[in-house]
Amino acid sequence: ATSILDTDTMMVTFGGDHFITYPILKAHAAKHGPMSLIHFDAHCDTWGDEPDRLDHGSMFFRAMNEGIIDAERSVQIGIRTMNSDTYGFTILGAPWVHREGIPAVLDVIKEVVGDNQAYLTFDIDCLDPSVAPGTGTPVVGGLNTAQALEAVRGLTEFNILGMDVVEVAPAYDISEITALAAATIAHDFICTQAVRAGATPRTYGRI
């Protein structure tokens with residue numbers, strides 16, 4: 001990651017265990033300093049019950065404590081397994097997202113993250129298992145693909161340094177629908193960066 005970032009290239013990474021985001025965040029922080037986190041997931045990944053724990057359920061707790069991410073200016077979207085301590089993160093649970101809609105999600109991200117530099121991480125289990133069964137820790141009640149894509153497409157105005165899509169497990173997939181969702185999420189994020197760089201999006205009718 002450090003070698004890639006040294007070339008001033010934006011990283012879009014596929015995983016893999018969500019733990020991979022931690023070393024990627026460290027590389028970004030070494031170059032850019034602390035960041036906001038825009039985090040789509042079913043799980044908070046901030047479990048700090050064991051001081052030496054560092055895995056796919058605790059890496060954001062570690063990143064927060066190390067000053068890599070600024071919890072007070074970070075948002076977690078789609079969460080369905082709550083931690084009793086938010087550590088300052090703004091949490092938009094999946095039921096809230098379903099009630100309020102993606103425009104409200106984007107409004108909250110704008111309020112919390114604003115123009116701060118940010119990293120985008122998308123755990124595929126943010127999506128409901130009906131549309132993304134190919135993952136290791138599925139939780140019902142998640143976002144659908146249309147909601148996820150609307151959210152990602154709405155991030156054009158934010159100063160996002162890099163992104164990843166993680167936790168796709170092909171062995172559990174059905175007709176490759178999870179892989180297709182992950183690929184499209186990454187594709188549409190790349191398109192937002194093209195628009196941010198000055199490309200004119202083509203639209204057909206109303207989107």
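This is a predicted model: local features need pLDDT of at least 70, side-chain atom pairs count only at pLDDT 80 or more; totals for chains, interfaces and linings use all residues.
Let me start with a salt bridge, in which the side chains of glutamate 157 and lysine 110 meet at 3.8 Å, N to O. This pair joins distant parts of the chain, since glutamate 157 sits in the loop between helix 6 and strand 6 (160–166) while lysine 110 belongs to helix 5, 47 residues apart. Lysine 110 counts as partly exposed, at 49% relative accessibility.

Aspartate 188 pairs with arginine 153, with the closest N and O atoms 2.7 Å apart, and here aspartate 188 lies in helix 7 (residues 177–196) and arginine 153 in helix 6, 35 residues apart. Aspartate 188 is buried, with a relative accessible area of 8%, whereas arginine 153 is partly exposed at 45%.

Aspartate 8 and lysine 31 also meet in a salt bridge, at 3.1 Å from N to O. Aspartate 8 is in the loop between helix 1 (2–5) and strand 1 (12–14), and lysine 31 is in helix 2 (residues 21–32), 23 residues apart.

Now to the helices: how do the axes of helix 5 and helix 6 cross? The axes of helix 5 (residues 102–112) and helix 6 (residues 145–153) come within 10 Å and cross at roughly 35°, and the crossing is right-handed. Helix 5 contributes Ile102, Pro103 and Leu106 to the contact, and helix 6 contributes Gln147, Glu150 and Ala151; by class, that contact has four nonpolar residues, one polar and one charged.

Note on methods. Residues are numbered from 1 along each chain as its sequence is written. Side-chain values use heavy atoms; hydrogens and water are left out. Axes are lines fitted to C-alpha atoms, for helices over the stretch in contact, and angles run from 0 to 180 degrees between N-to-C directions. Helices (H or I, at least four residues) and strands (E, at least two) are DSSP runs, numbered from the N terminus. A crossing is left-handed if the near helix is turned anticlockwise from the far one by less than a right angle, and right-handed if clockwise. Contact means heavy atoms within 4.5 Å. Ala, Val, Leu, Ile, Met, Phe, Trp, Tyr, Cys and Pro count as nonpolar, Asp, Glu, Lys and Arg as charged, and the others, Gly among them, as polar. A salt bridge is a side-chain nitrogen of Lys or Arg within 4 Å of a carboxyl oxygen of Asp or Glu. Buried means under 20% relative accessible area, exposed over 50%, partly exposed in between (1.4 Å probe, protein chains only).
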